[in-house]
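Biologist: I am new to this structure. Please walk me through it, one feature at a time.

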Amino acid sequence: MTKSTITAFFLLGFFTTLGWAQKTPSGQLSLERIFSSNDFSSERFGPARWIEDGKGYTTLEYSKRYPNSLELVRYETSNGERSVLVPAEDLIPSGQRAPLRISDYQWSPDRKKLLIFTNTARVWRLHTRGDYWVLDLEKNTFTQLGGTEAQASGLMFAKFAPQSDRVAYVRENNLYVEHLANGTITALTHDGNRKIINGTFDWAYEEEFHIRDGFQWSPDGAFIAYWQLDASGIRDFLMINNTDSIYSYTIPVQYPKVGQPNSACRIGVVSTQGGATQWMKVPGDPRNNYIPRMQWAANSQELLLQHLNRKQNTNEVMLAQAASGSVHTLFTEKDSAWLDVVDDIHWVHNGKAFTWVSEQDGWRHFYQVDRKEGSRKLLTPGAYDIISLEHLDEKKGWVYFIASPENPTQRYLYRAKLNGKGKPELISPANQAGTHTYQISPNGQWAIHTHSNANTPPVTDLVSLPDHKVVRSLVSNKALIETVKALDCQPVEFFRVEIEKGVELDGYMLKPQDFDPDKKYPVLFYVYGEPWNQTVLDKWGWSRYLWHQLLAQQGYLVMSLDNRGTPAPRGRTWRKSVYGQIGILASSDQANGLRKVIQKYKFVDKNRIGIWGWSGGGAMTLNAIFRYPELYQVGMSVAPVTNQLLYDNIYQERYMGLPWENQEGYRKGSPVTYAKNLQGKLLLVHGTGDDNVHYQNSEVLINELIKHNKLFSLMVYPNRSHGIYEGENTSRHLFETLTHYLHNHLPVGNQETSQ
């Protein structure tokens, strides 16, 4: 990191001079309180599992006998009666003194056995590998899956057969079935290795299609359908570890960059007794198409597949015959931009139809698709977007879903008739503005409901449906709410600015506690701006919200704007207008939004404007400060994509098209193209162990800045991944660094507007 044109800022004793390391009054925030204390911790609840169609639910709670261990308890839904189903002492393996640490659990279909997931390890983003134990409640036995001790570790995605007599799992990229009665293990695949991946996925499928568990039992338990990926065509990207050994070593990641080959994907069906796999005969080049979703089609003879082309603008929905592998296309969805895969599929009318999600009329709506003909029936007509399907009550004729027709920053539960007639009914309380989430019971009579807003931490209640009456509180978060109320903070204010005729951007603003509209304040914009996320949401924001409020207490205005292309429920045109111009239209919207903010709010100091963001927001920060240097004086960019050709192909090609078809778009959308325009102060932050947005991105940008003799600051976190949280004190150190840089280069100090 010894480059002559880089000014590297590291933390000194600066923080103590500001009093940040001292005891903080209850009304004041500090980085120590936010990142190194339990002041803002939430009560725990869950994971909850509905049982007996909603008659009861189970959850994990701390044991009185073993205070650091969890045990499984049951609650009667109607009256709250509590009983301990599996005490912690029943989870102590033979020869050990303490109960297993439960990371997750699942019931067998007959509810006579419990599957415990423990001793977990990360596989890229999530903890998906570990040990599995089965507790037989009838026989009172506790057995680890996997066979011998050497084989038992490192299992993935274990799950019961529909008959509760077997468990299937993945080990070292092969599929196995274990009989619980005698421990017999049958290998279903034998060719798994680093390149041939059975029952799980490579890095890109996992990250961009959000699928990790790659196999499913057939309803009759006779077969397993699974994905196989051949990653032999993918080149390894080598990350380097310089600190964990006296000699550095490389960490290879199978990572398909933009324009590079993909894994070849196919779907197979194999008998649970072993034998040859029947491969589904999906047409096309498997390296230039994707199969991001697969499920049994309401029987044990057919599979429903979603088959995307490489550009991800055509989705062929196919029915495949499990026995022969033959497939036929039921219908084809197309879009001039891109298509998102559909998760909200529920079979209705005894498997004769299923639900589907489409934007074909300009809004995201639910449809019912006929299994035989492929014809569609619109279930939720109207000029509004469905966000997610929460429950389908076929018996009573209702579909429950999350939407927010009036305010794209919020989320509410609605229901509509399955016959497609009538207007949707609001189920969430109209007087509880903000964000609502639900875990609805199978019988549709109850829900675990969580509500928060931008100023209030979440509260979780058990409610009855559809009247939404509170039955009992599950998480009151009383202490946290009182702690937050005691803060000397102004509430978050939401606003809109019109940047051109018919185009309004949603925004929010945090003001200093002693705000004076006759003074001018520096502004820090928080940005993301890509199709994957919104920043302007009326929900509790945890540590990032608290850090923004800390800055407001110190004299900053903190704002955020959602540009076109963010996934707000504002219609297809809003979301997909950014196609082929990621980083171009969005940064223009952000700049125009800033201009309107300066015009609208006289207390904004146009000469003290900062911007910061992470990942896509880090890239947007760079595009803003490089493309509009006259507007932004300070930028803090964390883990940015600096050249779009360096990111993975599934994500970038989805929103930008193929690189050989949109060369100019890729060039103009990449921040590195405009690095020569840097005029303000720039802080670049990256982890060298980032398997998502490789540290390579920052090194490429560094070279370009050096080339044009541009001075900047750099903070590197060794071996930290994209979240930059691994290692003691890392999160606090990162935000200390950001705060320190901001105070040095975007100083507070109110000025009268008349000046």
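**Reading the model**

Modeller: Strands here are DSSP runs of E, at least two residues long, and helices are DSSP runs of H or I, at least four residues long, numbered from the N terminus. This is a predicted model, in which local features need pLDDT of at least 70 and side-chain atom pairs count only at pLDDT 80 or more, while totals for chains, interfaces and linings use all residues. Residues are numbered from 1 along each chain as its sequence is written, and side-chain values use heavy atoms, with hydrogens and water left out.

Biologist: What pLDDT does the chain average?

Modeller: pLDDT is the predictor's confidence in each residue, from 0 to 100. The chain averages 94, and 96% of the residues score at least 70.

Biologist: Where does pLDDT stay under 50?

Modeller: Over residues 1-21. The model has 45 contacts beyond four places in sequence for that stretch. Contact means heavy atoms within 4.5 Å. Where pLDDT is low, the predicted coordinates should not be read in detail.

Biologist: Back to β23. In what order do the strands of its sheet come?

Modeller: Strands of a sheet pair through backbone hydrogen bonds, either parallel or antiparallel. Two strands count as paired if DSSP finds at least two bridges between them. Here 4 strands form an open sheet, in the order β20-β21-β22-β23, with antiparallel pairing. β20 (289-296) and β23 (327-334) stand at the edges with a single partner strand each, so one side of each has no neighbour in the sheet. From one strand to the next, the twist averages 20°. For angles like this, axes are lines fitted to C-alpha atoms, for helices over the stretch in contact, and the angle runs from 0 to 180 degrees between N-to-C directions. Strand β22 (residues 314-321) pairs with β23 over 7 bridges, in the antiparallel sense.

Biologist: How many bridges join β33 to β34?

Modeller: 7 bridges join strand β33 (residues 446-453) to β34, and the two run antiparallel. Together they form a hairpin with 2 residues between them. Alanine 447 stands opposite valine 463 in β34.

Biologist: And which residue stands opposite threonine 460?

Modeller: Valine 475 in β35. Strand β35 (residues 470-475) runs antiparallel to β34, joined by 4 bridges. The hairpin of β34 and β35 has 5 residues between the strands, and there histidine 468 takes a positive phi near 60°.

Biologist: Why is β34 largely enclosed?

Modeller: Buried means under 20% relative accessible area, exposed means over 50%, and partly exposed is in between (1.4 Å probe, protein chains only). In strand β34 (residues 456-464), 7 of the 9 residues are buried, so the rest of the structure largely encloses it.

Biologist: How many residues of helix α10 are buried?

Modeller: 8 of the 8 residues of α10 (residues 649-656), so it too is largely enclosed by the rest of the structure. Among them are Asn649, Tyr651 and Arg654. The buried residues pack against α4 (203-209), β20 and α11 (663-669). At the start of α10, a side-chain oxygen of aspartate 648 reaches to within 3.1 Å of the backbone nitrogen of isoleucine 650. Glycine 657 follows α10, with a positive phi near 80°.

Biologist: Is histidine 722 buried or exposed?

Modeller: Histidine 722 is buried, with a relative accessible area of 9%. It sits in the loop between β43 (713-717) and α13 (730-745). Its side chain makes a polar contact of 2.8 Å with the side chain of serine 615. A polar contact is a pair of N or O atoms within 3.5 Å; within protein, one must be able to donate a hydrogen and the other to accept it, and residues adjacent in sequence count only if both atoms are side-chain atoms. Leaving aside neighbours within four places in sequence, histidine 722 is in contact with residues including Arg125, Trp614 and Asp690.

Biologist: Which side chains make polar contacts with serine 232?

Modeller: Aspartate 230, at 2.7 Å, and arginine 287, at 3.3 Å. Serine 232 lies in the loop between β15 (223-230) and β16 (236-241). It is partly exposed, with a relative accessible area of 44%.
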